[in-house]
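Trainee: Could we go through this one together? I'd like to see how the labels get decided.

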Amino acid sequence: MLRELLYENRSYRSFDESKPVPTDKILNWVDNARLTPSAANLQPLKYKILDQKGAEKVLPLTRWAAALPDWNLPPEGKHPTAFVVVCHDTTVTPDPASSKVDVGITAMTILLSAVEEGYAGCCIGSFDADRVGEVLRISEKYVPVLMIALGAPSPDETIIIAEAQKDGSTKYYRDKHNLHFVPKRKLDDIIIE
């Protein structure tokens, strides 16, 4: 089952806006993340959950799919219907960089929880953290470190795991039919002998 979830857990950039994610589901996914390991068990992460209206406020402050400059993602009418803004609480520990591992664990937990229930997401690391904090009126003690876009996957988005290209490139790409390819290295290529 985990392997299937991992295959389904892709970075979706197109969502079905007619199917918003219920807030109680997101709360459950964040609660799953709360149970995961944390460096030195400090648990410095806090979460701001945004519904569809809140998601539209912060969407202009995000940058999506830098490797696809010719694509306007997410497309108009296919925006995420929710966001989780992952924040580092500087009153727990002052350096946001100290929670990078926690952020990764949290993101994967929330995404796998969403996929398990038929939803999809995309981690957004490229965003204007200061403006997000201002727009959402988040206290300055919380530093936004990651945004997770969430929603029902758009039926017209197809993501395919492919082998890394012959030149070793793992850069994702889309073909003329809008199929999204995500190259992955072979197992033999990542094991050190």
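Trainee: Which residues touch the most other members of the largest nonpolar core?

Mentor: This is a predicted model, and in its largest nonpolar core, which has 25 residues, Trp64, Phe83, Val85, Ile124, Val132, Leu136 and Met147 touch the most other members. Helix H3, strand E3, strand E4 and strand E5 each supply at least two residues of this core. Apart from it there's another core of 19 residues, including Ala33 and Leu111.

Trainee: What is Val132 in contact with, leaving aside its neighbours within four places in sequence?

Mentor: Val132 is in contact with Leu61, Val85, Phe127, Pro144 and Met147.

Trainee: Why is the pair of Trp29 and Tyr119 called tilted?

Mentor: Check the angle. Their planes are at 55 degrees, and stacked needs under 30 while edge-to-face needs over 60, so this pair is tilted. The ring centres are 5.7 Å apart, and pairing asks for centres within 6.5 Å.

Trainee: Why does Tyr173 count as partly exposed?

Mentor: Tyr173 has 32% relative accessibility, and partly exposed covers what lies between buried, under 20%, and exposed, over 50%. Phe181 has 17%, so Phe181 is buried.

Trainee: How do you know that the charged end of Arg13 sits over the ring of Tyr172?

Mentor: The charged end of Arg13 is 4.8 Å from the ring centre of Tyr172, and the distance limit is within 6 Å. Arg174 lies over the face of Trp71 too, at 5.6 Å from the ring centre.

Technical notes: Residues are numbered from 1 along each chain as its sequence is written. This is a predicted model: local features need pLDDT of at least 70, side-chain atom pairs count only at pLDDT 80 or more; totals for chains, interfaces and linings use all residues. Side-chain values use heavy atoms; hydrogens and water are left out. A nonpolar core is a set of buried Ala, Val, Leu, Ile, Met, Phe, Trp, Tyr and Cys residues joined through side-chain atoms within 4.5 Å. Buried means under 20% relative accessible area, exposed over 50%, partly exposed in between (1.4 Å probe, protein chains only). Helices (H or I, at least four residues) and strands (E, at least two) are DSSP runs, numbered from the N terminus. Contact means heavy atoms within 4.5 Å. Rings of Phe, Tyr and Trp (its six-membered ring) pair if their centres lie within 6.5 Å; planes under 30 degrees apart count as stacked, over 60 as edge-to-face and the rest as tilted. A charge sits over a ring if NZ of Lys or CZ of Arg is within 6 Å of the ring centre and within 35 degrees of the ring normal.
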